Amino acid sequence: MQNAREREDMPCRMSVFKWLRESSAFSDQYAHAREGEKAAHSIGQRLLKNVEIENAVSEAQNARFKRAQRESGH
């Protein structure tokens with residue numbers, strides 16, 4: 001995903017900082033958006049951790065299955 005600051009259709013950082021200083025409505029909306037961004041990041045991190053756990057469990061189950069097959073002569 002392209003960073004918003006790198007997109008040509010987005011304002012430059014200095015404009016955003018100016019709007020943050022000069023407009024309480026913009027500043028409030030910006031703060032709200034940042035909170036949402038942080039919450040989304042936190043959810044994404046938890047999902048990735050769950051996937052890592054599921055992968056580790058799956059690998060352990062596969063290893064046990066293969067070991068049981070070898071031991072049974074299959």
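Biologist: How many residues does H2 have, and how far does H2 reach from its first C-alpha to its last?
Modeller: In this predicted model, helix H2 has 49 residues and reaches 72 Å between its first and last C-alpha. That span is close to the 72 Å expected at 1.5 Å a residue.

Biologist: Which residue follows H2?
Modeller: Gly73 follows H2, and the phi of Gly73 is positive, near 85°.

Biologist: Is Glu59 buried or exposed?
Modeller: Glu59 counts as exposed, because its relative accessibility is 57% and the exposed class begins over 50%.

Biologist: Turning to charges, how many salt bridges does a search of the whole structure find?
Modeller: The search finds one salt bridge. Glu37 forms this salt bridge with Arg34, and the closest N and O atoms are 2.7 Å apart.

Biologist: Where do Glu37 and Arg34 lie?
Modeller: Both lie in helix H2, which covers residues 24-72, and they are three residues apart, about one turn of the helix. An α-helix has 3.6 residues a turn, so residues three or four places apart point the same way.

Biologist: What is the relative accessible area of Glu37, and what is that of Arg34?
Modeller: Glu37 is partly exposed, with a relative accessible area of 44%. Arg34 is also partly exposed, at 37%.

Biologist: Which residues form the positive surface patch?
Modeller: The patch is formed by Arg64, Lys66, Arg67 and Arg70. Of these, Arg70 lies in helix H2 and is exposed, with a relative accessible area of 60%.

Biologist: A new topic, then: where is the place of Met14?
Modeller: Met14 has its place in helix H1, residues 13-22. At 59% relative accessibility, Met14 counts as exposed.

Biologist: How far is the C-alpha of Met14 from that of Asn55?
Modeller: The C-alpha atoms of Met14 and Asn55 are separated by 44 Å, and the two residues are 41 residues apart along the chain.

Biologist: And Tyr30 and Trp19, how far apart are they in sequence and in space?
Modeller: Tyr30 and Trp19 are eleven residues apart in sequence and 9.9 Å apart in space, C-alpha to C-alpha. Tyr30 lies in helix H2.

Biologist: Why does Tyr30 count as partly exposed?
Modeller: Tyr30 has 35% relative accessibility, and partly exposed residues fall between the buried class, under 20%, and the exposed class, over 50%. Tyr30 therefore counts as partly exposed.

Key: Residues are numbered from 1 along each chain as its sequence is written. This is a predicted model: local features need pLDDT of at least 70, side-chain atom pairs count only at pLDDT 80 or more; totals for chains, interfaces and linings use all residues. Side-chain values use heavy atoms; hydrogens and water are left out. A salt bridge is a side-chain nitrogen of Lys or Arg within 4 Å of a carboxyl oxygen of Asp or Glu. Helices (H or I, at least four residues) and strands (E, at least two) are DSSP runs, numbered from the N terminus. Buried means under 20% relative accessible area, exposed over 50%, partly exposed in between (1.4 Å probe, protein chains only). Patches are made of residues with over 30% relative accessible area and no salt bridge: like charges are joined within 9 Å, nonpolar side chains (Val, Leu, Ile, Met, Phe, Trp, Tyr) within 5 Å. Accessible areas come from the Shrake-Rupley method with a 1.4 Å probe; for residues, only the protein chains shown count as cover. Lys and Arg count as positive and Asp and Glu as negative; His and the chain ends are not counted. The place of a charge is taken as NZ of Lys, CZ of Arg, CG of Asp or CD of Glu. The expected span of a helix is 1.5 Å times one less than its number of residues.
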